[in-house]
Amino acid sequence: MQSKLFVLAAAFGAFVLNAAAWDYEGHHAVNEMALASLPANFPAFALTPEARTRITFLAGEPDRWRNVTSTRNGTGLALGHCSGPDHYLDLEDLKDYDLTPETLPPFRYVFVADIVKARLAHPERFPEIDPAKNSDHTRELSGFLPWAISENFQKLQSCFATLAALEKAGGTADEIANARQDILYVMGVMGHYVGDASQPLHATMYHHGWTTNNNPNHYGTSPTFHAWIDGTFFKKTGGIDMGRLLPKVVPAEKMATENPDAIFRAAVKFVVEDNQLVEPLYQLDKSGKLSNKGNAGAEGREFLEGRMLKSGQLLGSLWLTAWQTAPEDTFLERELQQRAAAAATNNPAATTPAQPANLRLKE
Ligand SMILES: [Zn+2]
Ligand SMILES: [Zn+2]
């Protein structure tokens, strides 16, 4: 009996840990809205029907990494450890590290060091962690959502810089095609994290119910509340209404990047605003406005779709900004120029810089 209970508890724990962010439909919607916000002069290869399908499919990628990880079957623990906390930030934890949103370090591992230092200096602040519920060793952490967003933003800048160098300095058709695929990949995957950042339960310690003794407003304590908000509510009420959402999308705007921390700070601000909606979300739940009965959930739907729209807008602006602010990759340009010069010296007839490298090797 005891072992049976343990299996049940373990299964339940796994469910809680693996609960997705917005479900695939929600993340898909966020990336779709971000695409709709882009200007017509955004690089055309990213706006073809095939590219749109790819980018929206990738909105679900970081959740797919979690499908086989963690306590469910004991596989993929390293992946769960390194990528699981990227989906959230339990903002209330910061005070335990003597940090505020404004003093959060923009570097992920500096934040980890801050956590370690606080845990050593003030063990009394941190409840003991049950090893049985911590097989991927993420419970010591509080999440890395704003870091995941800013790191992916810089990856996208790097991808655009690579493409620009290849286009300018004689990259082959294959190289250019690959660089374009990389851009679509990073655009899609980073969309997942920007999507997570508008789900209030991804910005709070109360992520699976108001699980604390301090609950004077008697908010819901059910751990299934998270899955309800991530997607069950929409599944039971006819899905996300893209026909209503897409017309609300406004053009993406270039964000300020003069300060090297600017995108990280913008991501933190977005998560803080999300956290401020945690209580309103629990209030909606308490007053039955997130119910699937009849039209009772209309206000809840408005609220949740509004959150997804916010993510779609931020994501579009991040993509636009990464494209417009990508630095020039002078190192790659020099390498390409040297390659072209060497090819011309070895074979003066082959002066076409766009000639594929593999063809040159055969000559
Ligand atoms: Zn979630
Ligand atoms: Zn997520």
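**Notebook: helix packing in a predicted model**

I began with helix H7 (residues 145–168) and H13, which pack at an angle of about 45 degrees with their axes 8 Å apart. Axes here are lines fitted to C-alpha atoms, for helices over the stretch in contact, and angles run from 0 to 180 degrees between N-to-C directions. Helices (H or I, at least four residues) and strands (E, at least two) are DSSP runs, numbered from the N terminus. The angle makes H7 oblique to H13; under 35 degrees counts as roughly parallel, over 145 as roughly antiparallel, 65 to 115 as roughly perpendicular and the rest as oblique.

I noted the source conventions: this is a predicted model, in which local features need pLDDT of at least 70, side-chain atom pairs count only at pLDDT 80 or more, and totals for chains, interfaces and linings use all residues. Residues are numbered from 1 along each chain as its sequence is written, while chains are lettered from A and ligands numbered from 1 in the order in which they are written.

I looked up the handedness of H7 on H13 and found a right-handed crossing (left-handed if the near helix is turned anticlockwise from the far one by less than a right angle, right-handed if clockwise). Phe153, Leu156, Gln157 and Phe160 of H7 meet Leu318, Trp319, Ala322, Trp323 and Thr325 of H13, a contact meaning C-beta atoms, placed from the backbone, within 7 Å. By class I have seven nonpolar, two polar and no charged residues there (Ala, Val, Leu, Ile, Met, Phe, Trp, Tyr, Cys and Pro are nonpolar; Asp, Glu, Lys and Arg charged; the others, Gly among them, polar).

I then turned to H2 and helix H3 (residues 49–58), whose axes come within 8 Å and cross at roughly 140 degrees. That makes H2 oblique to H3. The crossing is right-handed. I listed His28, Asn31, Glu32 and Leu35 from H2 and Arg52, Ile55 and Thr56 from H3 as the contact. This contact has two nonpolar, three polar and two charged residues.

Next I checked H9 (residues 225–236). Its buried residues include Trp228, Ile229 and Phe233 (buried: 20 or more other C-beta atoms within 10 Å of its own; exposed: 12 or fewer; partly exposed in between; C-beta atoms placed from the backbone). Among the elements covering the buried residues of H9 I found H2 (24–36), H12 (278–286) and H13 (298–325). Gly238 follows H9, with a positive phi near 95 degrees.

Last, I took the chain totals: 15 helices and zero strands, with buried residues making up 40% of the 363 residues.

Terms used:
Two residues are in contact if their C-beta atoms, placed from the backbone, lie within 7 Å.
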